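Me: I would like to learn how to read strands, sheets and a single side chain in a protein model. Could we go through one slowly?

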Amino acid sequence: MRKKILTLIPVILAGGLFFSSRSKSGIQSGHYPIQPVPFTAVKLTDKFWAPRIVTNYKVTIPIAIQQCYTTGRVDNFKIAGKFKSGKFKTEYPFDDTDIYKLIEAASYSLQTIPDKALEAQLDSLIYYVGLAQEPDGYLYTNRTIDSLNTHPWAGKKRWEKTPELSHELYNCGHLYEAAVAHYLATGKFSLLEIAEKNAQLLVEDFGPGKLLIYPGHQVVEMGLVKLYNVTGKKEYLDLAKFFLDVRGPGGEEYCQAHQKVVDQTEPVGHAVRATYMYSGMADIAAMYNDTSYIHAVQTIWENLVTQKTYITGGIGSGGGNEGFDPPYVLPNMSAYCETCASVGDIFWNYRMFLYDGDSKYYDVIERVLYNSFLSGVSISGDRFFYPNVLESFGQHERSKWFGCACCPPNVARLLPSIPGYIYANDDKNVYVNLFMANHADIEFQGIKLEIEQETEYPWDGRVVFKINPESSVKFDFKVRIPGWARNEVIPGNLYVNKDDIDPKVFVSVNEEKVDYRLIDGYATLSRKWKRGDQVVLDLPMDVRKIAADPRVEADRGRMAIQRGPVVFCAEWPFSFSKRVLNLLFSDSAQFEASYNDTLYNGIKVIHTTARATSYNNQGTINIEEPEPVFLIPYFAWNNRGAGEMMVWLPVNDSAVKPLPAPTIASKSKITAQKQSKSLFALCDQYEPKNSNDHSWPFYHWWPDNNQWMWVQYDFEQVETISKSKVYWFDDGPYRGCRIPAQWELEYKTDLTWEKIQCEYPVIKDGWSIADFSPIKASALRLKVKLPEENSSGIHEWVVE
């Protein structure tokens with residue numbers, strides 16, 4: 001095996017991740033038409049991404065590895081390998097993958113920042129992984145530790161719950177990705193041999209005439225393709241295709257098994273599973289030149305960008321399935337937009353570009369990178385978002401770690417690989433896809449081609465390319481002109497510019513302005529290039545006002561602000577009142593950008609004005625005089641503590657969230673048997689559209705059930721009351737909350753509580769109203785009997 005690998009590695013390093021063999025006739029099986037320039041050939045020198053990669057090395061990777069020790073993830077391997085005794089230590093059987101993803105992340109980091117101590121730390125982790133592997137190659141610590149008392153998801157036998165939740169093949173996929181990364185970074189075979197032993201077991205167990213089952217959580221397909229690229233063993237590639245071919249129909253939509261993969265036309269189900277599968281499908285489309293596969297992923301891609309993508313690039317709007325809702329359902333405060341889904345979306349679009357060379361895929365990659373992905377990690381590198389919402393009243397805050405900790409390792413492994421997304425080439429073209437200062441050494445047409453990129457992007461649109469081939473060479477230098485610089489917010493018409501700005505892009509070669517051909521979104525410059533040639537790209541950096549398709553209900557009457565690739569938001573620290581959700585903006589106001597070198601290591605901010613709003617007791621809205629506010633990049637929010645934030649800025653009264661009018665409820669102190677940040681929602685005076693309205697906060701008792709619970713208003717003074725009404729939250733039997741079994745009210749007089757005698761109807765999608773004779777009270781308590789099998793929640797509780 002070692003000899004085979006060593007003969008292939010020079011090709012891999014020269015051509016990126018995939019084989020570079022091809023013919024004059026076009027696409028052949030076994031490769032992508034376009035090859036990436038590997039990140040090891042690109043040295044970043046910019047002020048935006050390079051410091052973040054260093055922070056990832058110094059902060060994110062070390063704390064993530066430490067968390068794997070602290071939480072028992074490493075112990076699981078030690079116990080499975082009989083290095084120590086004990087039971088399975090963690091919550092999920094897929095926790096093994098956090099080790100693999102961090103080995104992959106650290107391996108990428110070692111390529112750019114050598115560190116003998118980190119390399120030795122990886123050697124130790126790999127040693128424990130090897131101990132845990134069973135003699136035939138099986139590697140799944142939950143079963144190996146105690147095969148008679150496995151996790152409920154694992155099943156009693158190997159593979160029996162693979163199409164459901166065992167994650168056995170998911171673990172394998174991340175093992176293979178880690179093994180390839182570690183081998184390419186260090187030249188060591190230790191993890192690669194473990195991975196090959198495991199992959200051989202899969203080849204023996206799965207396939208035609210064997211087990212005809214697919215993985216419940218995809219990623220093994222991508223891992224097998226990478227393993228094939230390193231070893232040249234086609235059985236790995238064939239098995240990757242088998243796992244896709246055997247999927248569906250008749251399975252769950254949640255894991256994209258409801259149809260054959262080639263018959264699917266829209267993204268559905270769990271978003272991370274989906275993007276990993278679509279990435280694998282793109283691999284197979286290229287490796288086998290399979291038109292049915294490429295047609296399917298192209299159709300799914302078109303559907304996603306035109307109906308189901310957020311302005312930030314985030315995908316997966318539904319928290320219940322961690323995935324996709326119906327078309328145009330893109331709520332802001334309940335947006336899920338899992339960080340891992342952003343990573344998967346980048347993987348997928350990257351492969352789509354390598355297949356057909358259209359810049360639209362990099363328009364998506366860039367939007368995701370600078371917005372929904374980057375918001376997943378704090379500026380300090382030690383706090384993480386799992387979901388990435390587009391609106392918050394302060395209930396969201398980055399965490400140090402998660403029980404299901406897939407996101408931090410995914411952040412850690414993508415960041416150091418970003419230099420590998422900048423350039424690509426084929427026989428006749430060199431592509432520039434991303435803009436960040438760097439020095440690249442590219443092997444092209446048998447010569448060494450040096451490209452130096454100078455820029456202050458994303459804050460400045462001027463990009464200088466110094467082109468220095470070893471000897472003069474003719475090729476097409478293809479520089480991506482981002483969609484946002486061509487009046488296209490995102491491919492398709494899901495979002496459009498509201499203003500009438502006509503952006504101008506300028507390109508010069510050796511200080512002379514040139515007219516270029518725009519081919520698939522690339523300014524294509526054809527010439528014989530010589531040492532010392534210079535290309536300058538000037539991109540317009542106007543502040544743009546963006547509107548969503550009117551079918552996106554959550555964004556009606558609102559606008560988003562973007563400058564270059566960066567989406568901006570309003571956040572509480574940067575408004576006069578320390579609130580933003582009640583601010584009313586004007587699309588005719590001035591929006592001026594300036595650089596703040598003291599904020600978050602230097603960012604552009606946008607200065608404008610907005611007017612605070614509040615309800616009055618007449619049921620209308622008070623609108624104050626304009627006050628100054630400045631907007632910050634969305635990726636930078638929540639770095640000064642929890643508080644209000646919004647991306648989509650209201651421009652009319654129907655979209656704004658005014659502060660509540662002074663009522664008995666809004667002036668009361670709110671307490672509850674179960675405390676929550678969302679208690680304020682009980683009296684925010686927002687009437688939901690129905691009981692299943694997720695567009696604004698609600699209070700709930702989930703996962704509690706079959707018991708009495710209470711919430712309470714303590715009035716500012718003794719009040720005479722005669723009516724109370726409740727709007728219940730109910731999201732259906734499969735998500736956990738239903739209308740309550742019953743409810744009642746108690747009022748406080750002096751120091752005693754007494755029940756109010758009246759009728760207590762329980763109404764769904766409307767008000768449950770209790771009328772009673774006038775009483776004097778200093779407090780009112782709402783008692784709720786939760787259903788036997790479900791919990792309950794409250795949208796609004798009114799006292800009159």
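Reply: We can begin with what counts as a strand here: a run of at least two residues that DSSP labels E, with the runs numbered from the N terminus. Two such strands pair if DSSP finds at least two bridges between them. Please keep in mind that this is a predicted model.

Me: With that in hand, which two strands form a hairpin with two residues between them?

Reply: The hairpin is made by β11 and β12, where β11 covers residues 506–509 and β12 covers residues 512–513. Their pairing is antiparallel and spans two bridges, with Ser 508 standing opposite Lys 513. In the turn, Asn 510 has a positive phi of about 50 degrees.

Me: Which strands make up the open sheet of six, and is its pairing mixed or antiparallel?

Reply: That sheet runs in the order β1-β4-β5-β9-β14-β13, and its pairing is mixed. Its edges are β1 (35–36) and β13 (517–519), each with a single partner strand, so one side of each lacks a neighbour in the sheet. The strands β13 and β14 (residues 522–529) run antiparallel and are joined by three bridges, and Leu 518 stands opposite Ala 523 there.

Me: Now for a single side chain: is Arg 52 buried or exposed, and which side chain of opposite charge is nearest?

Reply: Arg 52, which lies in helix α2 (residues 49–70), is buried and yet has no salt bridge. A salt bridge would need a side-chain nitrogen of Lys or Arg within 4 Å of a carboxyl oxygen of Asp or Glu, whereas Asp 46, the nearest side chain of opposite charge, is 7.1 Å away.

Me: What does the side chain of Arg 52 reach instead, and which residues does Arg 52 touch?

Reply: The side chain of Arg 52 reaches the backbone oxygen of Phe 48 at 2.9 Å. Leaving aside residues up to four places away in sequence, Arg 52 touches Leu 374, Ile 379, Leu 415 and Phe 635.

Conventions:
Residues numbered from 1 in each chain as written. Predicted model: local features only at pLDDT ≥ 70, side-chain atom pairs only at ≥ 80, totals over all residues. Heavy atoms only, no water. Helix = DSSP H or I, 4+ residues; strand = E, 2+ residues; numbered from the N terminus. Buried < 20%, exposed > 50% of the residue type's maximum accessible area, 1.4 Å probe, protein only. Lys, Arg positive; Asp, Glu negative; His and termini not counted. Polar contact = N/O pair within 3.5 Å; in protein donor to acceptor, adjacent residues only side chain to side chain. Contact = heavy atoms within 4.5 Å.
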